[in-house]
Amino acid sequence: MIELKKLISLLTVFSMPVMFTACGEKNKDSDIKKEYTALQQVIAENAGKSELLSGELENKTIKWLSPWDINSADNDGKSTPAFLVAFEERYGGKIEWYQCTHEERYEQLAKAINGNEGIDFFYAGDLDAFPKGAVRSMFVPADDYINFGSPLWDDVRKLNDTFVWDGKHYIISTRIAGDNCGVIYNRKTIREAGLNDPAELYKNGEWNWNTFEDMLKKFTDPENQRYGIDGWWFEFGLTATSGIAPVSMENGRLVNNLSAPAMERVQNWIYELYQNDYIAIGSEDYGWNARPSNIGEGKTLFYPCGLYQFYKKSSEWKNTFGEDVFFVPMPKNPESEEYYIPVGMEAYAFVKGGQNPEGVGKFLECKRFIMNDAESLSIADRQMKEDYGWTDEMFAMKESMQKLAEKNPVIDISRGVSEDCGELLDNSLRLTARGTPWSETYDSINAVVDKYIDEVNKNVSPE
C-alpha cells in the first residue's frame, strides 16, 4: 500500500515535481533567482503594478516542508512557476525548501515544531491535514494574514469557509483541482475495437455510467488479454461521481455520509463491474501491479488516474500510454442532474511556530493573483503546455474538467479525521471492487466511522 499512498498524494498537485529523499535537507539552490523568459517578465511587471497585491515584506524568506520543491515547475527545474515569479518580483520573496519523504512528512513536521525550526507552511492538498492538524495544534489559523474579503479570493471564498474549524480558517485553498482523476485511454485501441470515442460521448452529453459500462462489456476479454479497468484509484474516482463524500463538513462539524442512498447506489454499481470481470487489477490473471503501459499496448481499455501522469516530458507519458493517448472526466451518474467528478484542492496550512506567517500570506496572494490576472494566467497556461508538450485539445479537456470541479466541489476529508479513519475507509471503500457486497462493508464500518468522527467533533467549542 506504500506505493498507493505515494500516488494518492500527487492527485491534487499541479505542476509540481516529486522527489523522495531524506528529510531535513535544505535546497541549496532555492535562493538563486532564475532568469525570466520574456513571457515571465510580463508576469513580473503585472505583479509589480497590480492593485490586488499590496504592502511589503520585511522578512522575505518563507520555509516550506514538503517532498517536492515548490520552486520548480518541472522535473528539470528549467521553468520558474508563474506564482513564484510574482512573489519574487512584487515582494522580493523566496522559498527555502526543507525536503522530506511523503511517508515521513508529518513526523518531520512534528520534529520541526518541537525543535523550533520555524517551518512556515505545509501542503494541505493531500486532504489528510484537516481537521486533524488543527485538533493536534500542528497548524495555526490564517485569519490574521489572509483577507478573504479581498477580490483575490472571491471565487474560492465559499470553499475556504467550508474548511473552518472552531471558527477559524486552518486550511487555505487557492484553487479547486479538477485534475484529481480522469479516465485515461488510447484512441487507437478505441478505433480498432469499433467503439465510440469517450471524448465525443462527453462532448455530446452521453458520457455516463451506462456508456462507460457498455464499452467495457464490448471490449473486455481477459482470456485474450483484453482488460477493462486498471489503476490504483478507480474505486474512489467512480465513488466521487455519486456526488457524496464519505466524510464531509457541515456547519463546522464532521459528518458521516456512508448511509446516503447515492453512496449505496455507486457502491452496488462498482460491485456489478467486478461481477462482470470488468476490473482487471487484483484479478487472478492480472495481479496487483498496475500496468499503465497496457494502455499504450492496446491491452487495457481504461486507466482512471490523476492527470499528474501528464505533468512530465511528453516523451515520458507517450512512452507509457502511446501516441494516441487522451483522457476524459470520470463518467457522469445518469440519475444525477449535476455532473460530479473527483475533486481535490491546492491548499496550504500555516505551521505552528512559523517565523514568517506574513510572508506566507503574501505568497498565497501571489498564487491567487496569477488566477485573477487574465494575461498572467494565459502566460502560465502557455508555459504549462510548453513544459509538458500538451496539445490544445488536451488542455481544453483539462479546463472542462476544471469547470466541472468548480461547479460541484465535493471533497472527501476522510483522511483528515484521523489516520485510523483514513486507513479504514481507504481499505473498505475498495471492497465492492473486490467482490464484497456493500451491505456487508457498511454494516462492519459505519459505527466505527461514527466513533472516529465523534472523537474529533467533541473538540469543537459549543456555540
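Contact here means heavy atoms within 4.5 Å. Helices (H or I, at least four residues) and strands (E, at least two) are DSSP runs, numbered from the N terminus. The model is predicted: local features need pLDDT of at least 70, side-chain atom pairs count only at pLDDT 80 or more, and totals for chains, interfaces and linings use all residues. Residues are numbered from 1 along each chain as its sequence is written, and side-chain values use heavy atoms, with hydrogens and water left out.

**Exercise 1. Work out how H2 and H3 pack, and which residues meet.**

Step 1: get the geometry. Helix H2 (residues 38–49) packs on H3 at an angle of about 50°, with the axes 8 Å apart. Axes are lines fitted to C-alpha atoms, for helices over the stretch in contact, and angles run from 0 to 180 degrees between N-to-C directions.

Step 2: name the arrangement. Angles under 35 degrees count as roughly parallel, over 145 as roughly antiparallel, 65 to 115 as roughly perpendicular and the rest as oblique. H2 and H3 are therefore oblique to each other.

Step 3: find the residues. On the H2 side, Gln-40, Ile-43, Ala-44, Ala-47 and Gly-48 meet Ala-82, Val-85, Ala-86, Glu-89 and Arg-90 of H3. Sorted by class, this contact of H2 with H3 has six nonpolar, two polar and two charged residues. (Ala, Val, Leu, Ile, Met, Phe, Trp, Tyr, Cys and Pro count as nonpolar, Asp, Glu, Lys and Arg as charged, and the others, Gly among them, as polar.)

**Exercise 2. Take H15 and H16 and say what makes their contact.**

Step 1: the axes of H15 and H16 come within 11 Å, crossing at roughly 125°.

Step 2: H15 and H16 are therefore oblique to each other.

Step 3: Asp-381, Met-384 and Lys-385 of H15 and Asp-392, Phe-395 and Lys-398 of H16 make the contact. For H15 with H16, the count is two nonpolar, no polar and four charged residues.
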